Amino acid sequence: MTAEITSPKNPLIKDILLLQGKARERREAGLVVIEGRKEVSLAVAAGLAVRKVLFCPDIIPEEDARALLGTPGRAAEWYEVGEAAFSKISYRETTGGVVVLADMPARRLEDLPVRDQSVYIILEAVEKPGNLGAICRVADAAQVDGLIVCDPHTDIYNPNAIRASLGCVFTVPVVVSTFDETTDWLHRNRIASYATELTASEFYHRLDLTGRIALVFGTEATGLTDRWIQGADHRVKIPMRGVIDSLNVNTSVAILTFEAMRQRGFGM
């Protein structure tokens with residue numbers, strides 16, 4: 001059965017606005033708001049439990065929305081939302097007319113696969129959801145074994161992070177952890193850490209990046225903290241030939257991650 005929502009002041013619309021705007025609300029509810037056809041389809045493919053589906057019939061017919069959700073959408077509550085109400089919860093015009101509420105994934109470090117050639121990306125105190133989303137796309141493209149976000153300053157399920165990732169935040173095993181938990185896990189699993197640092201003496205492309213490795217990156221503004229730099233197995237840098245001394249963090253992640261993939265023959 002499909003319920004109808006016409007008023008922008010509907011309680012469910014207000015609840016979704018709270019979830020979109022507040023990380024604490026998302027954590028307490030254990031829910032994530034997903035907007036957009038591609039993002040929703042990737043979340044469904046990743047196995048997220050969908051609780052509520054809101055669609056705007058002026059943008060997408062109900063049968064198309066149900067086809068998009070498939071079997072996981074059968075147990076969800078469905079809402080047909082008028083254009084005025086839907087515009088309140090839609091961040092962009094290209095949303096595709098679908099917004100869903102789904103259970104927030106809960107992954108731990110112990111859930112990550114550990115193989116002989118595993119590659120992990122570690123982000124320390126990432127601040128910008130757009131950068132986090134872009135890094136999720138890199139992690140998905142390279143098919144890394146895990147993206148570990150340590151002591152984050154932004155929520156990995158921030159709507160801007162989901163949007164920037166094109167839904168890849170759901171296709172990649174993403175774990176939120178602390179410095180101590182992460183370094184202990186690295187040591188227990190004999191994973192070599194490579195800290196990116198401007199004054200490092202080693203260039204990334206001259207190192208052997210095969211085996212179990214973790215590529216560690218710092219904040220957009222200040223880079224890695226001393227505890228990561230001093231505790232790393234290797235300190236590496238990217239050759240910079242221009243007047244600037246650093247790159248955007250998601251660019252740096254892409255460069256090092258795909259060098260590790262190249263050294264593995266891209267798994268082909």
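Here is a friendly conversation about a predicted model and the terms used to describe it.

Reader: Why is isoleucine 16 called buried?
Author: Buried means under 20% relative accessible area, and isoleucine 16 has 0% relative accessibility, so isoleucine 16 counts as buried. Isoleucine 16 lies in helix α1, residues 11-21.

Reader: Which residues does isoleucine 16 touch, leaving out those up to four places away in sequence?
Author: Isoleucine 16 touches Val33, Leu54, Ile89 and Leu101. A contact here means heavy atoms within 4.5 Å.

Reader: What makes tyrosine 157 and phenylalanine 170 an aromatic pair, and is that pair stacked or edge-to-face?
Author: The structure holds four aromatic pairs. In one of them, the ring centres of tyrosine 157 and phenylalanine 170 are 6.1 Å apart, with 10° between the planes. Centres must lie within 6.5 Å to pair, and planes under 30 degrees apart count as stacked, so this pair is stacked. The pair links distant parts of the chain, 13 residues apart: tyrosine 157 is in the loop between β7 (146-150) and α7 (159-165), while phenylalanine 170 is in helix α8 (residues 168-171).

Reader: How do you know whether tyrosine 157 and phenylalanine 170 are buried or exposed?
Author: The cut-off for buried is under 20% relative accessible area. Tyrosine 157 has 3%, so tyrosine 157 is buried, and phenylalanine 170 has 2%, so phenylalanine 170 is buried.

Reader: Why is the pair of phenylalanine 179 and tryptophan 228 called edge-to-face?
Author: Planes over 60 degrees apart count as edge-to-face. The planes of phenylalanine 179 and tryptophan 228 are at 90°, with centres 5.0 Å apart, so the pair is edge-to-face. This pair links distant parts of the chain, with phenylalanine 179 in helix α9 (residues 179-188) and tryptophan 228 in helix α10 (residues 226-231), 49 residues apart. Phenylalanine 179 is buried at 14% relative accessible area, and tryptophan 228 is buried at 2%.

Reader: What makes β8 and β10 edge strands?
Author: Seven strands form an open sheet in the order β8-β7-β6-β11-β9-β12-β10, with parallel pairing. Each of β8 (174-177) and β10 (202-203) pairs on one side only.

Reader: How do you know that β6 and β11 pair?
Author: Two strands pair if there are at least two bridges between them. Five bridges join β6 (residues 119-124) to β11 (residues 213-217), so these parallel strands pair. Tyrosine 120 stands opposite alanine 214 in β11.

Notes. Residues numbered from 1 in each chain as written. Predicted model: local features only at pLDDT ≥ 70, side-chain atom pairs only at ≥ 80, totals over all residues. Heavy atoms only, no water. Helix = DSSP H or I, 4+ residues; strand = E, 2+ residues; numbered from the N terminus. Buried < 20%, exposed > 50% of the residue type's maximum accessible area, 1.4 Å probe, protein only. Phe/Tyr/Trp six-rings, centres within 6.5 Å; stacked < 30°, edge-to-face > 60°.
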